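Subject: Structure handover

Hello,

Here is the structure for your set.

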Amino acid sequence: MALLGSTGSIGRQALDVLDGDPAFRVVALAAGRNGTRLEEQAARHRPAVTVLGGSADALVELATRDDVDIVVVGTGGMVSLRPVLAALRAGKIVATANKETLVAGGHLVMPVARALAGVNAAADPAGPLASPLGWLRPIDSEHSALWQCLAGERVDRVARLILTASGGPFLDLPTESFAAITPERALRHPTWSMGAKITIDSATLANKGLEVIEARWLYDVGYEQIDVVIHPQSVVHSAVLFVDGSLKAQLGTPDMRLPIQYALTYPDRRPSRAAAPDLVAAAHLDFRAPDETRFPALRIAREAGPMGPWATAALIAADDVAVARFLDGSLDFTGIPRLLEAAVTRFGSHGGPDPDVDDLVALEAEIRGAFAGTTGSAGSVGA
Ligand SMILES: NC(=O)c1ccc[n+]([C@@H]2O[C@H](COP(=O)([O-])OP(=O)(O)OC[C@H]3O[C@@H](n4cnc5c(N)ncnc54)[C@H](OP(=O)(O)O)[C@@H]3O)[C@@H](O)[C@H]2O)c1
């Protein structure tokens, strides 16, 4: 296994999942800045190679090594898009938590995963690698849940995909108080322990909007078939409604080690370190519709999806800027969706062909320049 982003929340949990499992050998570890933790991980897992602060090219080299069978992607941002494409093209399995891979690059990576599946379907139509999901495996708990619900089912018998969302820490906070939300408060997620960026995205519901776009690519369904339901307990991780009215859901405790492990062992299952859910202890599970007026980031993402890859790439690049600015205090909580909307409006309607990787990298840089807040333009975003 090559693990990109080994020092982060997903990366550390991925190492925890395979620690001591003889079925896996860590061949390569890559991290951004945390050299101390990378050294500790290297001492324990003894990879052939480690890379700190590498460029996309350095990660491509790791991901396509001959001795790598599976690449686990736990980086945020666009840096892993090139390595993911290169790994798939080299016939490696990719298990990804990274959202840019699908939100910005779904139109690029899915055809490669589908082509790999096509080749394998000819040899073994019922085999795990006969499906694009055998090659591009989701780690996000919601997409893992959908994947598990879809196992053995026909995709053309799906009526709706239902993504659940915890609703974040401000689900019931009066909207008038949103502008005063501090990063400290937003970083306290009620049910999940995750990296800072995704925790803020959960508080704005931008995360759920990004997940709708990911689901559209992974499962090849229309946006109109994807619903979002608020479920504060985070026990039901997502569900699939079939044409006969049967609703299949996947339940588990909020522990990313379970979806990480499923992505590694698919189509098999193994005992896990994650605690099993206890329905009696849970006593009741609540569900309600999301309020897109209070949480406009979800609406903005839902509108960006059908606009196409320029819009979704603009959305996720802008979200990176917006969250960084919220965390550094230069944008308030209500400014996050305003910035997203401004970016999608300005960069989302592109007449030309869908963006390639170079276009996506250039777009990200352009959005960073436009909204980073140093030019004074971002302060008035949407005002
Ligand atoms: N955390 C979760 O539970 C969760 C759940 C679902 C989806 N996701 C998604 O998974 C991705 C990662 O999330 P996270 O919460 O794990 O983020 P995180 O804790 O911030 O970790 C990000 C990782 O990427 C590394 N990194 C940054 N630049 C790099 C580079 N150039 N080369 C190699 N590694 C680099 C970081 O290294 P340093 O720390 O050393 O700088 C860190 O290991 C995001 O897209 C997120 O939305 C996360």
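An oxygen atom of the ligand sits 3.4 Å from a polar backbone atom of K99. On its own the ligand has 900 Å² of accessible area, and the protein covers 82% of that. Please keep in mind that this is a predicted model.

The shell around the ligand is as follows. It holds 25 residues, with T7, G8, R33, N34 and D140 the closest. By class, 13 of the shell residues are polar, 9 nonpolar and 3 charged. Among the secondary structure elements, α1 (9-18) and β2 (28-31) each provide at least two residues of this shell.

I also looked at the second largest pocket. Its space comes to about 410 Å³. The lining has 21 residues, and S131, P132, L133, E153 and V155 are the ones nearest the pocket centre. At least two lining residues come from each of α6 (106-123), α7 (132-135), α8 (141-150) and α11 (206-219). Of the contributors, α11 gives the most, with 3 residues. The lining of this pocket divides into 15 nonpolar, 3 polar and 3 charged residues.

Regards

Methods:
Residues are numbered from 1 along each chain as its sequence is written. This is a predicted model: local features need pLDDT of at least 70, side-chain atom pairs count only at pLDDT 80 or more; totals for chains, interfaces and linings use all residues. Side-chain values use heavy atoms; hydrogens and water are left out. On a 1 Å grid over the protein atoms alone, a cavity is a set of points where a 1.4 Å probe fits but cannot get out, and a pocket is an open set with protein on both sides within 12 Å along at least five of seven lines; lining residues have an atom within 4 Å of a point. Grid points are joined across faces, edges and corners, and a volume is the space filled by probe spheres set on the points. Helices (H or I, at least four residues) and strands (E, at least two) are DSSP runs, numbered from the N terminus. Ala, Val, Leu, Ile, Met, Phe, Trp, Tyr, Cys and Pro count as nonpolar, Asp, Glu, Lys and Arg as charged, and the others, Gly among them, as polar. A residue is near a molecule or strand if one of its heavy atoms lies within 4 Å of it. A polar contact is a pair of N or O atoms within 3.5 Å; within protein, one must be able to donate a hydrogen and the other to accept it, and residues adjacent in sequence count only if both atoms are side-chain atoms. Accessible areas come from the Shrake-Rupley method with a 1.4 Å probe; for residues, only the protein chains shown count as cover.
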